[in-house]
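Open the model in your viewer and keep the selection tool at hand. We will go stop by stop.

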Amino acid sequence: MTDTLASPNSAPQRRQLKADAAAALLKRRYASERLFKVLGLGALLLTASFLVILLTNIVTKSIPAFSEHVVNLDVVIDPKVVDPEGKRDSATLLAADYASLTRAAIMSAIPGIEGRNPRRALTSLLSSGAADDLRERVVADPSIIGTTIKMPLLFSDDVDLYLKGSSSVTSQENGSSDLTASDVKGDITLTGAEGTFAKLVAQLESENAEVSPETGARLLTPLLPSRLIEINGGLVKLASVTPTTATGTTLIPLTSSGVAKAGSWQLDTYAQPESRRKSSDQDIAFIETLRDKGAIERNFNWRFFTSGDSREAELAGIRGALVGTAWTLLVTLIICLPIGVLAAIYLEEFAPKNKLTDIIEVNINNLAAVPSIVFGLLGLSVFLNFFGLPRSAPLVGGLVLALLVLPTIIIASRAAIKAVPPSIREAAIGLGASHQQAVFHHVLPLAMPGIMTGTIIGMAHALGETAPLLMIGMIAFIVDVPDTMTDAATVLPVQIFLWSDLPEAAFQQRTAAAIVVLLGFLFLMNGAAIWLRNKFERRW
Amino acid sequence: MTVVYFSALALLTVTAYFLASSHSAAVSARGQRLHSLPAYHGLLAVSLVIAPMLILWVIGTPLISNLALSNALNLFPTDVQTDSLKSGTALRDVQSFAAGQRSGEASDVLRSAADTYSTWMTTGTYALLAAGIAAALLGIGTSLRLVSPTFRARTHFERFVRIILIACAGVAVLTTIGIVASVLTETLRFFFDPNIKGRPGVLDFLFGTEWNPQQAMRADQGDIKSAYGFLPLLTGTLLITFIAMCLAGPLGLLSAIYLAEYATPQIRRYAKPVLEILAGIPTVVLGFFAALTVAPMIRGYGEAIGLDVASESALAAGLVMGMMIIPFISSLSDDVINAVPQSLRDGAYALGATKSEAIKQVVLPAALPGVVSAFMLAISRAIGETMIVVMAAGLAAKLTLNPLDAVTTITVQIKTILVGDQEFDSAKTLAAFALGFVLFFVTLVLNIIALRIVRKYREQYD
């Protein structure tokens with residue numbers, strides 16, 4: 001440094017130069033200091049933002065799954081369908097065709113629908129769960145047979161998604177001149193004054209709609225946004241348009257044919273083409289009619305927490321997985337808590353310092369880092385194939401998870417036991433206690449909060465574990481809620497994995513909702529561990 | 001029956017405790033001073049009840065069911081008895097018929113076999129119950145007879161407890177032995193069992209470039225050629241691990257440095273839980289995020305700038321795996337940096353170093369072994385991670401280093417092969433165990449080296 005600055009100038013000048021260079025160097029060094037600090041903070045903030053993005057992403061995805069849409073309809077419980085012989089016994093009541101009753105209920109809500117396809121479209125708006133709900137209600141109270149009850153009927157998942165607004169944007173404009181309808185149902189023609197549909201034709205031209213070679217009208221295909229006309233209490237889906245006339249199919253029958261005044265009919269546009277959404281124009285027409293009647297209601301989705309898995313997204317719930325998780329974790333806890341604590345006591349208090357103890361210690365540390373899927377292989381070949389335990393059972397899942405979290409619990413328990421000062425032990429032994437009495441009567445109770453904290457953290461780890469459980473077959477599609485620890489069952493993380501594979505949007509929302517429930521449990525457990533630590537931790 | 005047995009066990013345990021402790025209390029009340037407190041006589045009696053009853057149950061239950069099954073099997077014709085597949089089906093039929101779960105027609109053989117089976121099962125369980133109770137009563141009798149001034153009940157009980165403690169500590173060792181034994185035997189069968197069709201040689205496995213475990217199930221599918229070349233899986237695993245480390249390495253280390261050297265206690269108080277929460281998020285959740293949010297996003301960006309991105313790209317899986325590893329690296333490095341003695345920093349400051357110069361030129365070199373071992377543990381974590389790659393990486397075993405392509409990993413293949421029904425004699429199933437062995441071996445080596453580095457490094461400053 002001094003070499004470069006050496007010059008024939010006078011001493012003060014040289015000192016000045018040196019100070020300048022030093023100042024510049026110092027400035028650079030401070031700049032790099034600041035840069036380093038900012039980099040560190042940036043890394044930390046980036047990491048935190050990952051967490052925030054992850055959680056917001058999942059929570060926003062999950063929100064729709066926590067509500068469901070139902071339609072309140074009058075259901076006529078026809079004794080001829082439910083119980084033709086009047087026996088009122090549960091076998092008859094359970095076997096009856098309730099789906100025909102719910103179908104009849106929704107058919108009577110929108111009268112005048114004819115034709116096979118529209119009728120089918122209308123009845124398939126309801127979920128098959130609607131009939132199950134009705135069956136449950138009738139079996140619980142057979143006295144309602146023969147009466148008409150008002151009850152909420154569950155929609156199918158596609159309708160539910162439409163109502164939650166994840167499809168089609170609509171816009172509406174009032175008609176500018178009078179319009180005459182040729183008929184009330186079927187394919188009809190709407191005739192208006194010159195230029196009634198001029199704007200629509202111009203729009204269609206810009207959307208490159210095909211032109212019919214015979215009439216010169218613009219044709220609306222399912223690839224284009226749908227145009228519908230609300231007129232005389234009915235709804236017409238347009239198929240072809242000229243500036244003066246439009247032809248189309250009635251989705252909802254008109255109350256009368258004839259002239260509708262300017263402003264009393266509307267042109268609706270569904271921006272998303274029919275071919276690109278789940279709900280057809282016919283479905284939407286029915287849903288909107290029901291909505292206009294005020295029959296549709298949005299409820300909290302209790303079903304999600306009270307029912308088992310299902311192939312129908314709107315019926316699928318996490319109760320089976322929750323109960324399976326509870327069984328599995330129970331087995332895990334029963335096995336790994338005593339074994340872990342006793343092993344820790346042995347290693348910390350009684351084990352002689354020799355080669356064997358060393359091997360056990362190294363072994364426990366390595367076991368803690370073995371990939372979880374390898375424990376699944378162990379479970380598969382030892383518990384299932386060698387001992388012949390049942391596949392998919394919480395018993396086996398619990399055993400595998402117990403082995404998986406055992407090192408965690410042993411390490412945490414050892415730390416807790418080690419933290420108890422030797423004076424406690426020595427005092428007990430000095431008063432005549434045996435070594436075991438000193439440990440079990442004095443050291444262990446004092447180490448208990450630390451052991452409990454470690455156990456809760458270990459159980460939280462077990463709660464989130466998926467891979468080893470896939471290996472032992474806890475991945476089957478299981479509708480029933482398991483009653484014992486040898487029934488086939490699944491657990492919450494596996495349920496999440498199963499649902500995440502399904503293509504339906506409704507299932508993806510449910511996956512996110514199940515994740516929210518899982519994370520909720522994890523936060524609760526970790527919160528409990530932190531609370532325990534803060535409340536009972538003692539500094540000696 | 002299990003319930004009856006264990007109720008008997010519980011009842012006898014309580015009885016034993018009260019009988020033995022009250023008897024010894026009575027003896028000492030008569031003026032004979034006993035070595036141990038009555039409670040220890042009671043506990044010794046309890047251990048003399050529980051131990052024999054549990055041992056009998058563990059040995060007896062499978063013995064009875066095997067006896068019953070083999071006697072039932074004897075009633076079937078010889079061709080069923082010798083064919084392992086047919087006899088397995090027959091025995092399942094017998095069991096379900098005996099349990100009353102089977103509806104419909106049953107042949108005479110099945111009916112009589114089921115009768116034999118249930119007779120043997122009933123007799124056996126009653127015999128077991130009787131033997132258990134007899135053993136327990138014997139235990140109680142012994143413990144009552146042993147009460148005397150010279151008998152040291154506590155010493156004997158503590159010896160019993162010590163055996164239990166050793167057994168519990170041994171479970172961890174047994175687990176390792178179980179893992180090694182199960183994975184290793186299947187792997188050896190995969191390579192050397194002559195009865196396995198389509199098994200590869202060891203060299204074909206280690207250096208083969210094609211992986212296709214599918215096997216012809218029927219004769220008309222004869223053209224499916226299965227191949228067990230391990231290289232595509234290895235490159236896929238390493239590619240994803242590399243991407244993950246590129247994200248997690250710098251971020252984890254920098255945030256650890258910031259937390260250890262710059263952060264105020266206030267920032268630490270908020271930053272630590274954030275990292276802990278990130279570390280505690282189940283991997284299935286991260287997999288969902290990778291598959292449904294990150295992968296489509298990367299695909300979208302890639303297409304916007306004209307790149308061809310697979311819908312299940314290695315990049316998406318790697319980035320999310322990096323997110324998983326950041327807290328792991330940062331908390332391990334944080335500990336290591338904090339363990340560097342303050343005197344080293346003070347020395348650097350005294351020579352005029354700025355804080356960052358002290359960190360870069362003094363603290364980090366001192367902490368280097370620890371940081372290296374943290375990275376190694378993180379790599380072993382990434383290699384063994386399953387759910388993220390199962391959900392976000394593909395199944396196509398391609399030998400590529402392009403991060404935008406779909407790749408597959410060791411864990412994905414294990415999961416794909418073993419989920420669903422599998423027969424234990426096919427090369428395909430055994431291949432999964434061979435992969436499991438490789439995984440276990442690689443992570444074990446990484447861990448041992450890492451732990452050794454940490455241990456060596458700690459000794460320097462203590």
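Predicted model: local features only at pLDDT ≥ 70, side-chain atom pairs only at ≥ 80, totals over all residues.

Residues are numbered from 1 along each chain as its sequence is written, while chains are lettered from A and ligands numbered from 1 in the order in which they are written.

**Stop 1: the sheet.** In chain A, select strand 1 (residues 67-76), strand 2 (148-154) and strand 12 (296-300). They form an open, antiparallel sheet in the order 2-1-12. Strands are DSSP E runs of at least two residues, helices H or I runs of at least four, both numbered from the N terminus. Two strands pair if DSSP finds at least two bridges between them. Strands 2 and 12 of chain A each have a single partner strand, so one side of each lacks a neighbour in the sheet. Seven bridges join strand 1 to strand 2 of chain A. Pick D74(A): its bridge partner in strand 2 is K150(A).

**Stop 2: helix 14 of chain A.** Select residues 372-386. 12 of the 15 residues are buried, so this helix is largely enclosed by the rest of the structure. Buried means 20 or more other C-beta atoms, placed from the backbone, within 10 Å of the residue's own. Among the buried residues are F375(A), G379(A) and F383(A). Just after the helix, G388(A) takes a positive phi of about 65°.

**Stop 3: chain B.** Color domain 1 (2-151) and domain 2 (227-461); these bounds come from an automatic or database domain assignment. Their C-alpha centres lie 50 Å apart.

Technical notes:
Expected span 1.5 Å × (residues − 1).
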